[in-house]
Amino acid sequence: LQDAASSPDPGSAGDEGSRRRWKEEICRILREIQAPLSPLLLRLCHWLLPKLLTRVFLGVQLHRGQLEMVLRAARTPQVPLVFLCSHQSQVDGLLLSFVLLSQGIGVPRVTVGAQTSPRLRSLLQRLGGVFLPSGMAQTWSDRDEGLPGAVLDAYVQEVLQSHQPLVLFLEEPPASLRLGDPARRWLLRVLRALRDGALPDVLIVPVGIAYDVAP
């Protein structure tokens, strides 16, 4: 972050006002990425979601072999988990979060596509959703990500170092059958954390969600 913020701020290079503005900008970018988790909303969602599922679907099945693999990975000491999931519908994140939370793995940080309303974005952030900084996925190249890219790098390192599960959906939009640019940018952060030595290792866990008819 210090390297990214070392470029001079027009009109106030190097003074206290410039440093304060850099700090305010970093905090603004971080607020775009995440918000504090809401225990009340999490408990409410955990109570409501099974009731919703019984109304939307005729049945929900968990693959026992997949679940055992996930639980075995979660028991690996001191190694953060990154779940890679195909993206079939807009309810994938809620379903996967519910399964991981109900199995004692914890509340994951789930990457969410940028095309959401401000109110929905605020709600999803308090349930564990994380977003790219505004405009990043559409306009910036890997070589010109500036301060938002540095904040995102630091954020992913902190999430994984604190052993919070991270869920990355590979397609954007859902069911597009191609690697989305947002997914590529999140994966790049994980690879950089390994390359830079911020993490000794990461467990990549593939998971899948399938529907007879996607909602």
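Strand E2 (residues 109-111) and strand E3 run parallel and are joined by two bridges, and within E3 the bridge partner of threonine 111 is valine 130. In this predicted model, these strands belong to an open sheet of five strands, paired in parallel and ordered E3-E2-E4-E1-E5. Strand E3 (129-130) and E5 stand at the edges with a single partner strand each, so one side of each is left without a neighbour in the sheet.

**Pairing of E1**
- With strand E5 (residues 203-207), E1 pairs in the parallel sense over five bridges, and leucine 81 has leucine 203 of E5 as its bridge partner.
- With strand E4 (residues 166-169), E1 also pairs in the parallel sense, here over four bridges, and phenylalanine 83 has valine 167 of E4 as its bridge partner.

**Burial of E1**
- In a regular strand, side chains alternate between the two faces of the sheet.
- Because five of the five residues of strand E1 (residues 81-85) are buried, the strand is largely enclosed by the rest of the structure.

**Helices against the sheet**
- Helix H4 (residues 92-102) lies across E1, E2, E4 and E5, and runs at about 150° to E4.
- Helix H3 (residues 64-74) packs on the sheet, where it touches E1 and E5, and its direction makes about 165° with that of E5.

Technical notes:
Residues are numbered from 1 along each chain as its sequence is written. This is a predicted model: local features need pLDDT of at least 70, side-chain atom pairs count only at pLDDT 80 or more; totals for chains, interfaces and linings use all residues. Side-chain values use heavy atoms; hydrogens and water are left out. Buried means under 20% relative accessible area, exposed over 50%, partly exposed in between (1.4 Å probe, protein chains only). Two strands pair if DSSP finds at least two bridges between them. Contact means heavy atoms within 4.5 Å. Axes are lines fitted to C-alpha atoms, for helices over the stretch in contact, and angles run from 0 to 180 degrees between N-to-C directions.
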